[in-house]
Amino acid sequence: GGAPWVVKNVSFPHGTELRATYKGIEYRAVVENSKLVLNGKFFRSPSAAAVSITGNPVNGWIFWECRFPGQNHWIKIKKLRDQKLMEAGG
């Protein structure tokens with residue numbers, strides 16, 4: 001296995017898949033050893049990965065959905081972040 005990718009207190013386990021659709025094209029990324037890998041490049045934040053696709057400033061938390069290893073449903077990563085903020089009482 002590998003280390004999770006942790007962003008804004010949200011932990012994405014090694015092997016988590018991310019997907020987004022932009023202008024009719026589906027993009028896929030995967031968490032590998034505490035980084036997000038998209039098209040062979042490493043990204044530290046969801047937004048940086050999103051900008052590499054759109055070429056424009058984008059909120060990556062709204063852009064991406066993720067699927068944890070061994071699960072079959074996709075969730076917006078913003079939901080995970082919102083849950084963490086609620087848990088933290090903020």
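Student: Before we start, what pLDDT do local features need?

Tutor: Happy to set that out: residues are numbered from 1 along each chain as its sequence is written, and side-chain values use heavy atoms, with hydrogens and water left out. In this predicted model, side-chain atom pairs count only at pLDDT 80 or more, totals for chains, interfaces and linings use all residues, and local features need pLDDT of at least 70.

Student: How many helices and strands does the chain have?

Tutor: Let's take helices (H or I, at least four residues) and strands (E, at least two) as DSSP runs, numbered from the N terminus. Read from that end, the order is β-β-β-β-β-β-α-α-β-β-α. The secondary structure therefore comes to 3 helices and 8 strands.

Student: What is the radius of gyration of the chain?

Tutor: The radius is taken over C-alpha atoms, and the globule rule is 2.2 Å times the number of residues to the power 0.38. For 90 residues that rule gives 12 Å, and the chain comes close to it, so it is as compact as a globular protein of that length. The radius of gyration is 12 Å.

Student: How many salt bridges are there?

Tutor: A salt bridge here is a side-chain nitrogen of Lys or Arg within 4 Å of a carboxyl oxygen of Asp or Glu. One of them joins Glu-87 to Lys-84, with the closest N and O atoms 3.8 Å apart. Both of these residues lie in helix H3 (residues 77-87), 3 residues apart, about one turn of the helix. By this rule the count is 6.

Student: Is Glu-87 buried or exposed?

Tutor: Buried means under 20% relative accessible area, exposed over 50%, and partly exposed in between (1.4 Å probe, protein chains only). Glu-87 has 60% relative accessibility, so the residue counts as exposed.

Student: Which residues are linked with Glu-17 in a network of salt bridges?

Tutor: Glu-17 forms a salt bridge with Arg-28, the closest N and O atoms being 3.3 Å apart. Glu-17 lies in strand E3 (residues 17-22) and Arg-28 in strand E4 (residues 25-32), so this pair ties together parts 11 residues apart in sequence. Glu-17 also meets Arg-67 in a salt bridge, at 2.7 Å from N to O, and with Arg-67 in strand E7 (residues 65-67), that pair ties together parts 50 residues apart in sequence. The network links Glu-17 with Glu-26, Arg-28 and Arg-67.
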